[in-house]
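Okay, everyone, thanks for coming.

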Amino acid sequence: MLRFVEEILLLLLRDDNGKFINVTQSSIDRAVAGAVLMELAMENRIDTDLDQLVLLDATPVGDSLLDPTLAMIAEGQGAEGEKSDARQWVGQTAQMASGIREAALDRLVERGILERQDDRFLWVFRSRRYPTVDGEAEREVKLRIMGVLFSNEIPSPRDVVIISLAHACGIFSELLSRRELEQAGARIEQVRKLDLIGQAMSQSIQDFEVWLANAAIQGRGFF
């Protein structure tokens, strides 16, 4: 099974030219950060609500895409499960997003899903389907997400997370036409409400975006 980071990157890649869709670098970084944190929540390493992120278990997952962030949270909170602002961890994980993104793309190449062209920023899909844990072929993330948005199909918990992250980072405004976005708006809101952790992480991402914008206006850095 692919990690959220890998699926978010596949969602962001354009089919026609192998480049990322026209979203800002900060949006991609926030999507990657949110994907890592949501994966840690699914692995029962952290918990989060609209105000706080709590360390539940500092034991490494055994995945290089996730464990550096988990270690950072464990160091920041200590072993006593102290509480902290979820927005803080979105921001700090986003600072590592470039390395996480490159590692995830390398992994997708190794899996045979993507092919790297001479230009390191161009990618070609080699496989439109990819294996899950049980060995069955899983539909491409774009097809799955569009299927959820434009039908009454019951989304999987993982697709709810992807939709929440894509909405929080403004990805749908580039993936969908204006008409499609209007048609899917109510459905996106409906799906987002199915997962409380997804709502909390989406709010933390949006709060971090507002904080970052205010900091830029005031001439302050993140630290």
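Glu-39 is buried, with a relative accessible area of 2%; buried here means under 20% relative accessible area, exposed over 50%, and partly exposed in between, using a 1.4 Å probe and protein chains only. Before I go on, this is a predicted model, where local features need pLDDT of at least 70 and side-chain atom pairs count only at pLDDT 80 or more, while totals for chains, interfaces and linings use all residues. Residues are numbered from 1 along each chain as its sequence is written, and side-chain values use heavy atoms, with hydrogens and water left out.

So what does Glu-39 form a salt bridge with? Its partner is Arg-3, with the closest N and O atoms 3.3 Å apart. By salt bridge I mean a side-chain nitrogen of Lys or Arg within 4 Å of a carboxyl oxygen of Asp or Glu. Arg-3 is buried too, at 16%. Both belong to a salt-bridge network that also takes in Glu-43, Asp-63, Arg-107 and Arg-158.

Arg-158 has another contact: its charged end sits over the ring of Phe-4, 3.9 Å from the centre. The rule there is NZ of Lys or CZ of Arg within 6 Å of the ring centre and within 35 degrees of the ring normal.

Next, Arg-144 and Glu-7 form a salt bridge, closest N and O atoms 2.9 Å apart, and both residues are buried.

Last pair: Arg-101 bridges to Glu-102 at 3.8 Å between the closest N and O atoms. Arg-101 is buried at 9%, and Glu-102 is buried at 19%. Over the whole structure, the search finds 11 salt bridges.
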